[in-house]
Structure formats: structure tokens, C-alpha cells
Amino acid sequence: METELLRAEKENIDAVARRAADLLNAGKVVAIPTETVYGLAASIWQEEALREVYAVKGRPQDNPVIVHISDLDMLEQVAAEIPESARKLADRFWPGPLTMIFRKTEKVSDVITCGMDTVAVRYPSHPAAMAIIRQTGAPLAAPSANLSGRPSPTTAEHCVHDLWGKVPLIVDGGPCDVGVESTVLSLAGEVPVILRPGIVSLEDIRQVLPEAVVSEAVKRKVGENEKVESPGLKYRHYSPVCDVTLVRGDLDRFVRYLEGLEDREGVCAMCFEGEEERIPVPAFPYGKEGDGRSQAHNVFYILRELDDLGMKSVYVRAPEEDGRSMAVSNRLTRAAGFKVVEA
Ligand code: TXA
Ligand code: MG
């Protein structure tokens with residue numbers, strides 16, 4: 001298949017959105033930018049295209065995808081019930097990187113929800129995403145636009161790498177501002193539960209819903225056949241080709257740990273800004289210590305870069321496990337296949 005790459009800028013955003021919308025309404029899948037990561041989009045009314053999304057990604061058939069909307073009328077098409085708590089969160093965080101789980105309407109295809117009776121919905125804030133959804137006139141189902149198992153794409157180049165020849169159009173909206181996927185919050189149970197941490201943190205959500213908690217499945221390894229609230233938690237995600245180990249401890253201990261490695265061939269490190277000089281192997285800073293926002297912005301980008309450079313293994317100075325860094329810690333722990341050591 002021929003792939004077209006179109007750069008969406010202020011001046012041509014309507015024309016690019018029109019092109020994307022025409023393809024989406026013709027039952028094609030299109031890679032689109034969002035403020036979190038790039039998404040592989042299909043109109044929720046195009047059953048064949050929805051199947052194509054899973055096929056292109058090589059995504060497991062039991063991992064449901066997120067529906068993207070551009071106004072609250074669209075929410076009513078897919079959510080059977082909109083609790084007061086969701087309206088409050090929407091007021092505060094939409095458009096933006098928060099996904100909420102609702103009971104679904106009959107109209108929502110089982111291909112999107114994998115047979116579950118709930119649907120995940122997000123209202124993205126990226127201007128190109130908004131324009132494309134609006135022009136299509138339909139909610140768009142979109143998982144992250146990586147091949148299944150690879151780190152999520154945060155630039156159009158990443159999409160080109162994974163999807164060239166597999167989709168008719170990649171829309172380039174520049175590097176993603178957030179850099180990790182949205183916070184996924186379930187409102188289906190008695191208390192609001194974060195199923196996937198993101199840049200909208202537990203503390204942010206507690207300002208609106210003080211009773212919110214983080215699912216314990218976020219922190220641990222979930223068994224193959226275990227039933228979980230969010231099927232995505234089961235899979236080994238975000239794995240680069242290079243072998244990842246997460247190292248807990250301060251900078252001194254991290255440096256000593258690296259110095260103690262027997263074989264440093266093809267070995268590199270991910271550290272915080274300003275620490276490079278002290279690291280005895282090639283070092284890639286991925287953000288500021290204690291600043292989850294900067295860490296999130298760079299983490300997937302750097303994991304992909306290490307693969308491009310042919311690195312064999314990377315030792316990562318572990319980020320904080322709370323606040324906004326929880327999202328980064330969660331992605332890195334999964335990229336490491338739960339290989340976490342204390343220095
Ligand atoms: O930021 C994002 O959320 C990006 C951009 C493209 O919007 N999308 C994204 O989609 O990360 P994906 O498919 O890679 O992740 C969707 C997550 C998965 O962990 C999935 O299991 C969960 O949302 N999910 C989807 N529908 C669900 C549902 N009904 N109940 C529970 N979890 C659900
Ligand atoms: Mg994904």
C-alpha cells in the first residue's frame with residue numbers, strides 16, 4: 001500500500017483533516033497525532049476498519065481500544081450513562097489526557113470493547129486530532145499507533161517506522177507534548193480506580209474525586225490468564241529491542257552499580273539531566289529528577305533511539321513511583337519486563 005505523509009500546520013489543518021476524514025469515512029485507518037502519543041484511528045461506524053486496526057498493529061483480540069470524541073454529544077452516542085463524577089472530571093480535564101470508562105451503548109461495536117459492556121472514552125486536545133474527529137463527524141477508535149509490544153510513537157517518524165506501507169495516511173502533528181498515553185480511570189465500580197497512570201495524576205483526580213485510588217494491578221505483573229479490569233495490564237508493553245533494567249537508588253549507587261558491570265559492550269544508561277558526566281557508559285538523560293512531566297515527554301522517544309543506535313542493554317535510573325512520575329515508572333517497569341534491581 002502507498003502511504004502518504006501529510007504535515008498538519010495551522011495554515012493547512014483543515015485541508016489535512018478533510019483528507020483524513022475522507023479516508024476514515026471510506027473505511028480506512030489513519031495514523032493521527034494526539035497530545036499524548038500518536039493513535040491508529042478508525043471511525044467507530046466502520047466495522048472492517050476497526051478489525052483492520054487490530055490486524056495492522058498485531059494487537060491481541062482481547063485488548064479493547066479507546067474511543068476519541070470532539071464534543072460531549074459524541075460522548076452520549078457511546079456512553080449509556082454519564083455519572084456526575086464524570087461530568088466533573090470532564091469539566092476539569094477535557095479536552096486532555098484523561099480517558100474515562102463508561103457503560104457502553106448498544107451501538108458500540110464489540111470489536112472496540114472486545115465484548116466488554118464498558119467503553120473507554122477520551123477527548124483529545126491536540127488541534128489536529130480535534131479537527132480530524134470533527135471533520136469525520138464520528139468518534140474515532142484509536143489505540144496507540146505502534147506495532148503491538150513496541151514503545152508508543154511520539155513523533156510522525158516513529159509512525160513511519162512502524163506503519164509505512166500498512167496505512168494510507170500518516171498525519172504529522174509534530175512531537176507529542178505529553179509523551180506517554182492517557183490516564184485511564186474507571187468509574188464503573190464503587191470508587192474511581194486508575195487502571196493506567198498518566199500525566200493526569202492520582203493527586204489531580206483526587207482534587208475532584210477525593211476517594212480515587214490506583215488499581216493494585218498497575219504496580220505488579222499480571223498473570224496470563226488472570227481476569228483484570230483493564231486487559232492492557234496483562235501484556236508486556238513498551239518493549240524496545242534492547243534489554244531494559246530498572247535500577248533503584250541514588251546517583252552514587254547507580255554509578256557504582258554501572259562500574260561494577262563485567263561486560264559493558266553495547267551497554268548504556270538512561271539518567272536524569274545533569275548526571276551524564278558521572279556515568280561510566282554512554283548516558284541518555286530522559287528528564288529532570290522529580291519532574292514526571294519532563295520524564296514522560298522523553299521516555300518513549302529515547303527507548304526508540306536506543307534501538308536505532310543498536311544498543312544491547314540499557315540500565316535506567318528509576319524515576320519516582322508517585323505523582324506524575326508514576327506513569328513513567330509504570331511504562332519503564334513494563335519495558336523492563338519487571339526486571340528491577342536495587343543498586
Ligand atoms: O493516550 C492514549 O490513550 C492513546 C492515544 C492514541 O489516545 N491511546 C492508547 O490506546 O494508549 P491503547 O489502545 O494503546 O490503550 C488503551 C488502554 C488499554 O490498556 C486497554 O486495555 C484500556 O485502555 N481499555 C480500553 N477499553 C477499556 C475498557 N472498556 N475497560 C478497561 N480498560 C479499557
Ligand atoms: Mg498502546
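This is a short tour of the structure above, stop by stop.

Before you click, note that this is a predicted model, where local features need pLDDT of at least 70, side-chain atom pairs count only at pLDDT 80 or more, and totals for chains, interfaces and linings use all residues. Residues are numbered from 1 along each chain as its sequence is written, chains are lettered from A and ligands numbered from 1 in the order in which they are written, and side-chain values use heavy atoms, with hydrogens and water left out.

**Stop 1: two helices**

Select residues 292-308, helix α10, and residues 325-335, helix α11. (Helices are DSSP runs of H or I with at least four residues, strands are E runs of at least two, and both are numbered from the N terminus.) Their axes, lines fitted to C-alpha atoms over the stretch in contact, are 8 Å apart and meet at an angle of about 25°. Angles run from 0 to 180 degrees between N-to-C directions, and those under 35 degrees count as roughly parallel, so α10 and α11 are roughly parallel to each other.

Now show the side chains. On the α10 side you'll find G292, Q295, A296, V299, F300 and L303, in contact with S325, V328, R331, L332 and A335 of α11. (Contact means heavy atoms within 4.5 Å.)

**Stop 2: the cores**

Next, pick L89, W94, L98, M100 and F102. Of the 69 residues in the largest nonpolar core, these touch the most other members. (Such a core is a set of buried Ala, Val, Leu, Ile, Met, Phe, Trp, Tyr and Cys residues joined through side-chain atoms within 4.5 Å; buried means under 20% relative accessible area, exposed over 50%, and partly exposed in between, using a 1.4 Å probe and protein chains only.) Helix α1, residues 13-25, gives the largest share of this core, 6 residues. Apart from it lies another core of 26 residues, including V244, L246, C268 and L303.

**Stop 3: R87**

Go to helix α4, residues 84-93, and select R87. R87 is partly exposed, at 37% relative accessible area. Beyond its neighbours within four places in sequence, R87 is in contact with E76 and I82.

**Stop 4**

Most residues other than glycine have a negative phi, and most peptide bonds are trans. Zoom in on W94 and P95: the peptide bond between them is cis, with omega near -10°. P95 sits in the loop between α4 and β5.

Then try C114, in the loop between α5 and β6, with phi near 55°. Finish at F338, between α11 and β16, where phi is about 65°.

Notes:
Angles under 35 degrees count as roughly parallel, over 145 as roughly antiparallel, 65 to 115 as roughly perpendicular and the rest as oblique.
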